[in-house]
Amino acid sequence: MMLIASLTTALAVAAVLIAIGYRLFRSEGSAATADITSILPKGARVVATGVAGDRLVVTLDIGGATEIRTFDARTLKPAGQLKFVSEP
């Protein structure tokens, strides 16, 4: 009986140590910081910025038209662009 209890305890301790080691040493880590410049059209104005999940959202006013640009929050690479224009 004591052997079974000892093996069960050793297995539980090993599982906890493996879980802690995995969380500490997994390869994701934090990304390196980088300076990135995004070129805006002439006369563009940043109206708002925000974060949505893992995306950075920038709302622009370009000559009366609204445009939304999204970037990946970790790499700051462009993820998409949405333009709003009024019908003629």
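**Entry 1: terms and model**

I began with burial: a residue is buried under 20% relative accessible area, exposed over 50%, and partly exposed in between (1.4 Å probe, protein chains only). The model is predicted, so I noted that local features need pLDDT of at least 70, that side-chain atom pairs count only at pLDDT 80 or more, and that totals for chains, interfaces and linings use all residues. Residues are numbered from 1 along each chain as its sequence is written, and side-chain values use heavy atoms, with hydrogens and water left out.

**Entry 2: strands and hairpins**

I looked up the strands, which are DSSP runs (E, at least two residues), as helices are (H or I, at least four), numbered from the N terminus. Two strands pair if DSSP finds at least two bridges between them. Strand β1 (residues 44-52) and strand β2 (residues 55-62) run antiparallel and are joined by eight bridges. In this pairing R45 stands opposite D61 of β2. The two strands form a hairpin with two residues between them, and G53 in the turn has a positive phi of about 65°.

I then followed β2 to strand β3 (residues 65-72); eight bridges pair them in the antiparallel sense. Here V57 stands opposite T70 in β3. This hairpin too has two residues between its strands, and G63 takes a positive phi near 60°.

**Entry 3: salt bridges**

I searched for salt bridges (a side-chain nitrogen of Lys or Arg within 4 Å of a carboxyl oxygen of Asp or Glu). Side chains of opposite charge can pair when their charged atoms come close. How many salt bridges does the structure hold? I recorded three.

D61 and R45 meet through their side chains at 3.6 Å, N to O. This pair links distant parts of the chain, with D61 in strand β2 and R45 in strand β1, 16 residues apart. D61 is partly exposed, at a relative accessible area of 21%.

D72 and R55 form a salt bridge at 3.5 Å, N to O. D72 lies in strand β3 and R55 in strand β2, so the pair ties together parts that are 17 residues apart in sequence. R55 is partly exposed, with 34% relative accessible area.

E67 and R69 meet at 2.6 Å, N to O. Are E67 and R69 buried or exposed? Both are buried.

**Entry 4: largest pocket**

I next examined pockets. On a 1 Å grid over the protein atoms alone, a pocket is an open set of points where a 1.4 Å probe fits, with protein on both sides within 12 Å along at least five of seven lines; lining residues have an atom within 4 Å of a point. A volume is the space filled by probe spheres set on the points. The largest pocket has a volume of about 170 Å³. Its lining includes I36, V46, L60, R69 and L76. The elements giving two or more residues to this lining are β2 and β3, and β2 gives the most, with three residues.

I returned to L76, which lies in the loop between β3 and β4 (78-84). Most residues other than glycine have a negative phi. L76 is not a glycine, yet has a positive phi of about 60°. L76 is partly exposed, with a relative accessible area of 32%.

**Entry 5: helix and surface**

Finally I checked L17, found in helix α1 (residues 2-25). L17 is exposed, with a relative accessible area of 57%.
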